[in-house]
Amino acid sequence: MIFVFEVIVSPGYPAEAYAEAWVRASEIIQSAPGARGTRLHRRIGDDRHLLAIASWDSKAQRDAMEASPSEEVRRIIREQAEFVEVRVIGEYEDPEWIVEPG
């Protein structure tokens with residue numbers, strides 16, 4: 001499954017600072033059972049809007065990680081909370097087929 005969320009960075013706070021924290025948290029989260037990778041994208045022409053896409057083997061595995069994140073992940077999220085707004089876009093099933101070039 002795919003979990004997608006948007007991050008809106010506060011004016012004056014560099015997106016790079018959030019991205020650095022996001023990488024630290026993601027490295028820990030990716031050790032959870034079922035984690036298959038994650039990406040952070042910056043909107044073209046707008047450094048304040050970021051899009052995160054996380055891949056999981058199942059919704060149940062992602063929900064289990066979310067229900068009991070490590071204390072370090074909680075700390076990183078708390079540190080960033082005053083500088084960003086996070087909007088969940090949604091959870092999506094893996095497609096039955098994927099078209100990828102060559």
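Q: What do the side chains of K59 and D63 form where they meet?
A: K59 and D63 meet in a salt bridge, 2.9 Å from N to O. The term means a side-chain nitrogen of Lys or Arg within 4 Å of a carboxyl oxygen of Asp or Glu. This is a predicted model, where local features need pLDDT of at least 70, side-chain atom pairs count only at pLDDT 80 or more, and totals for chains, interfaces and linings use all residues. Residues are numbered from 1 along each chain as its sequence is written, and side-chain values use heavy atoms, leaving out hydrogens and water.

Q: Where do K59 and D63 lie?
A: Both are in helix α2 (residues 59-67), four residues apart, about one turn of the helix. Helices (H or I, at least four residues) and strands (E, at least two) are DSSP runs, numbered from the N terminus.

Q: How many salt bridges are there by this rule?
A: The count is 16. One of them joins E6 and R87, with the closest N and O atoms 3.9 Å apart. E6 is in strand β1 (residues 2-9) and R87 in strand β4 (residues 84-92), so this pair ties together parts 81 residues apart in sequence.

Q: Is E6 buried or exposed?
A: E6 counts as buried, at 14% relative accessibility. R87 is partly exposed, at 41%. Buried means under 20% relative accessible area, exposed over 50%, and partly exposed in between (1.4 Å probe, protein chains only).

Q: New topic: which side chain does E79 meet in a salt bridge?
A: The partner of E79 is R24, at 4.0 Å from N to O. E79 belongs to helix α3 and R24 to helix α1, so the pair ties together parts 55 residues apart in sequence.
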